[in-house]
Amino acid sequence: MNVAAAGYSIGEIRASGLTWLGHSTVVIDVDGTRLLTDPVLRRRVWHLRRAAAADPGPVDAILVSHTHFDHLDRGSLGRFDSSLPVVAPTGVGKLLRRWGRSHVLEVDAGDELELGGLAVRATPAEHESSRGPFSARTASLGYVVRGSTSVYFAGDTDLFDGMSEIGPVDLAVLPVSGWGPKLPAGHLDPRGAAEALRLLRPRIAVPVHWGTFRTPLAPVPDDGPAQAFARAAAELAPEVDVHVLAHGETLVLD
């Protein structure tokens, strides 16, 4: 689906699938349950800009990987009913409840819960997280969603000990870049994400966390990081089928 001038939305997916809405925001649709990750849907979030807003349509629950502003946005959460389940790292619940969320499920790495018939397991992530210099640090997480197919959403992370214990999975959704000219510690670059494929052993991989946000004076981001990941994956994990999605595009999973 092409990006419209004012925004874009997605409709109901009849088969299991994954829709990328930009940055780290994806809709995981498995067995009729729709989970939304790290919803940042507005065109402007603090100093960051994007070409178009996004509308995920109806979802059954939200998965939050960590508290950084490009992953946890109060204005975007406010689009959803306050009773919609929100899964987040332990310690983030206080903030979410202050924002009016009434159904918060706090988890630690290794915890597992059920959402709409799907098993959702929290996994470790190597990434420091806080809302600012005077706020408490909380853990960062990834999530594995399992039903008739399995999807690993990494959130923000670097390579870490134990990543091989997460796989194998059917689909790995991996960050491959950032939003600025430099990539701080705690992030996968394109080659690091390709190295992660050898540990995770997915059938399919989708790169995210690229080509969405920019600062006001920065050039419009391109697909360079995603294409670099595809090339590195072809070298390091040629058995993995890499799909580079456009904003709003859906990958149907058999």
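**View 1. Buried residues of helix α3.** In α3 (residues 190-200), the buried residues are Pro190, Gly192, Ala193, Ala194, Ala196, Leu197 and Leu200. Buried means under 20% relative accessible area, exposed means over 50%, and partly exposed lies in between (1.4 Å probe, protein chains only). This is a predicted model, in which local features need pLDDT of at least 70 and side-chain atom pairs count only at pLDDT 80 or more, while totals for chains, interfaces and linings use all residues. Residues are numbered from 1 along each chain as its sequence is written, and side-chain values use heavy atoms, with hydrogens and water left out. Helices (H or I, at least four residues) and strands (E, at least two) are DSSP runs, numbered from the N terminus. The cover over the buried residues of α3 includes β14, β15, β16 and α4; contact means heavy atoms within 4.5 Å. Helix α3 lies across β14 (150-153), β15 (171-175) and β16, and runs at about 150° to β15. For such angles, axes are lines fitted to C-alpha atoms, for helices over the stretch in contact, and angles run from 0 to 180 degrees between N-to-C directions. Just after α3, arginine 201 has a positive phi of about 55°.

**View 2. The seven-stranded sheet.** Seven strands form an open sheet with mixed pairing, in the order β11-β12-β13-β14-β15-β16-β17. The edge strands β11 (112-115) and β17 (241-242) have a single partner strand each, so one side of each is left without a neighbour in the sheet. Two strands pair if DSSP finds at least two bridges between them.

**View 3. Strand β16 and its partners.** Five of the five residues of β16 are buried. Ile204, Val206 and Val208 lie on one side of the strand, and Ala205 and Pro207 on the other. β15 and β16 pair in the parallel sense over five bridges, and valine 173 stands opposite valine 206 in β16. From β15 the chain passes through α3 to β16, a β-α-β crossover that is right-handed. A crossover is right-handed if, with the strands pointing away from the viewer, the path from the first strand over the helix to the second runs clockwise. With β17, β16 (residues 204-208) pairs in the parallel sense over two bridges. Isoleucine 204 is opposite aspartate 241, and alanine 205 has valine 242 as its bridge partner. The chain crosses from β16 to β17 through helix α4 (residues 224-236), and this β-α-β crossover is right-handed.

**View 4. Nonpolar cores.** A nonpolar core is a set of buried Ala, Val, Leu, Ile, Met, Phe, Trp, Tyr and Cys residues joined through side-chain atoms within 4.5 Å. The largest has 53 residues, and Leu35, Tyr143, Tyr152 and Leu174 have the most contacts inside it. A second, separate core of 19 residues includes Val27, Leu36, Leu77 and Leu95.

**View 5. An aromatic pair.** Rings of Phe, Tyr and Trp (its six-membered ring) pair if their centres lie within 6.5 Å; planes under 30 degrees apart count as stacked, over 60 as edge-to-face and the rest as tilted. The count comes to two aromatic pairs. In one of them, tryptophan 46 and phenylalanine 69 have ring centres 5.2 Å apart and planes at 65°, so the pair is edge-to-face. Tryptophan 46 is exposed, with a relative accessible area of 63%, and phenylalanine 69 is partly exposed, at 29%.
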